[in-house]
Amino acid sequence: MPSARLNRYLTAMICCVTLFTADASGAEEVVVYSARIEQLIKPMFDAFTKDSGVAVKFVTDKEGPLLARLKAEGKNTPADVLLTTDAGNLWEAAREGLLRPVESEILETNVPAHLRDPLKRWFGLSIRARTIVYNTNKVKPSDLSTYEALADPKWKNRLCIRTSKKVYNQSLVAMMIAEHGEPKTEQIVKGWITNLATDPLSDDTKAMEYVAAGKCDVTIVNTYYYGRLMKKDPKLPLAIFWPNQDNSGVHVNISGAGVTKYAHHPQAAIKLIEFLSSEKAQNLFADVNMEYPVNSKVKTDPAVAAWGSFKQNTINVNKAGELQAEAVKLMDRAGYK
């Protein structure tokens, strides 16, 4: 009898040790689905692993396929973290029930309220400013003022803009709806279309190339595209203008992350996102793509800081997703292709 009890005790102990070992080894790994390319994220993940001892495995793809994959995998997903660009994409992931709320004082301290989900399902990790770029040979800064003013007749045949099919402009228009309402925003967008010098272009870089070549005078782009282009050719007659500084501020968006609903390693996932918001990691996260850190304690990269400081719009970027469907319909009505 004592022998039988001893065997049961030993069996129970072995099971406990096995479970503990499995949990411990599992906690030493976190799996990320990333819409950011490997060269932008691997240095950060390597730094996190060195700092914490937690290994990071990652899969990279475009936003749409990653969300579809998360949805299809359900409870069987290996992903612990979704890392993507644009608040609209993060909002959609949250709406689809793919992310879980996170309680983290660190994230609430490091990430300003307007750059995170009010329900704590995702958090911004870098700021992307969408601003005006102009031809310095044809436009004076004093000619410019706001996004809305680009609808004025004085810009007739002088404006270039990226296609409405890209989420960046959908988010910009969504945020304008949040600020102005649909009727006024539709009037503004119609004015932009009336002022176009050419059909909407495939990307921000193409739009700036048209401005530099004198095919149009002004455009609206994400600043990191400007940074990349000017690195290649610093002599281009292009400069940044920060609009809406006397009222709402520059439209900003984010790249950010959330913990997946069925994460197998939720604590490691939270630890990774907290690390990415920290002073130690923010420069790695923002500088590599010429973006702005979300953490106010972190200095902007000198090359980016040289573009000048600006007041940003503080309407919660959640609106970029919440009003995205309305923005797409509005742009369609306005003839914005």
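Reader: What makes up the lining of the second largest pocket, by nonpolar, polar and charged residues?

Author: In this predicted model, that lining divides into nine nonpolar, seven polar and no charged residues. Tyr, Pro and Phe count as nonpolar. Tyr292, Pro293 and Phe310 are among the residues nearest the pocket's centre. Thr300 and Gln312 also lie nearest the centre.

Reader: How many residues line the second largest pocket, and what is its volume?

Author: The lining has 16 residues. The space is about 260 Å³.

Reader: What is the volume of the largest pocket, and how does its lining divide?

Author: Its volume is about 480 Å³. Its lining has seven nonpolar, four polar and eight charged residues. There are 19 lining residues, with Ala35, Arg36, Ile37, Thr85 and Tyr168 nearest the centre. Arg counts as charged, so Arg36 belongs to the charged group.

Reader: Which helices supply the lining of the largest pocket?

Author: Helix H2 (38-52) and helix H9 (223-232) each give at least two residues. The largest share, three residues, comes from H9.

Reader: Why is arginine 36 called buried?

Author: Its relative accessible area is 3%. Buried means under 20%. The value falls under that cut-off, so arginine 36 is buried.

Reader: Where does arginine 36 lie, and what is it in contact with?

Author: Arginine 36 sits in the loop between strand S1 (29-34) and H2. Beyond its neighbours within four places in sequence, its contacts include Ile41, Thr85, Arg128, Phe285 and Glu291. Ser255 is also in contact with arginine 36.

Reader: What makes the pair of arginine 36 and serine 255 a polar contact?

Author: The side chains of arginine 36 and serine 255 come to 3.3 Å. The cut-off is within 3.5 Å for a pair of N or O atoms, one able to donate a hydrogen and the other to accept it. The distance is within the cut-off, so the pair counts as a polar contact.

Reader: How do you know which part of the model to read with caution?

Author: Over residues 1-27, pLDDT stays under 50. The scale runs from 0 to 100. Where pLDDT is low, the predicted coordinates should not be read in detail. For the chain, the mean pLDDT is 92, and 92% of residues reach 70 or more.

Reader: How many of the chain's residues count as buried, as a percentage?

Author: Of 337 residues, 53% count as buried. The chain has 14 helices and eight strands.

Definitions and conventions: Residues are numbered from 1 along each chain as its sequence is written. This is a predicted model: local features need pLDDT of at least 70, side-chain atom pairs count only at pLDDT 80 or more; totals for chains, interfaces and linings use all residues. Side-chain values use heavy atoms; hydrogens and water are left out. pLDDT is the predictor's confidence in each residue, from 0 to 100. Contact means heavy atoms within 4.5 Å. On a 1 Å grid over the protein atoms alone, a cavity is a set of points where a 1.4 Å probe fits but cannot get out, and a pocket is an open set with protein on both sides within 12 Å along at least five of seven lines; lining residues have an atom within 4 Å of a point. Grid points are joined across faces, edges and corners, and a volume is the space filled by probe spheres set on the points. Helices (H or I, at least four residues) and strands (E, at least two) are DSSP runs, numbered from the N terminus. Buried means under 20% relative accessible area, exposed over 50%, partly exposed in between (1.4 Å probe, protein chains only).
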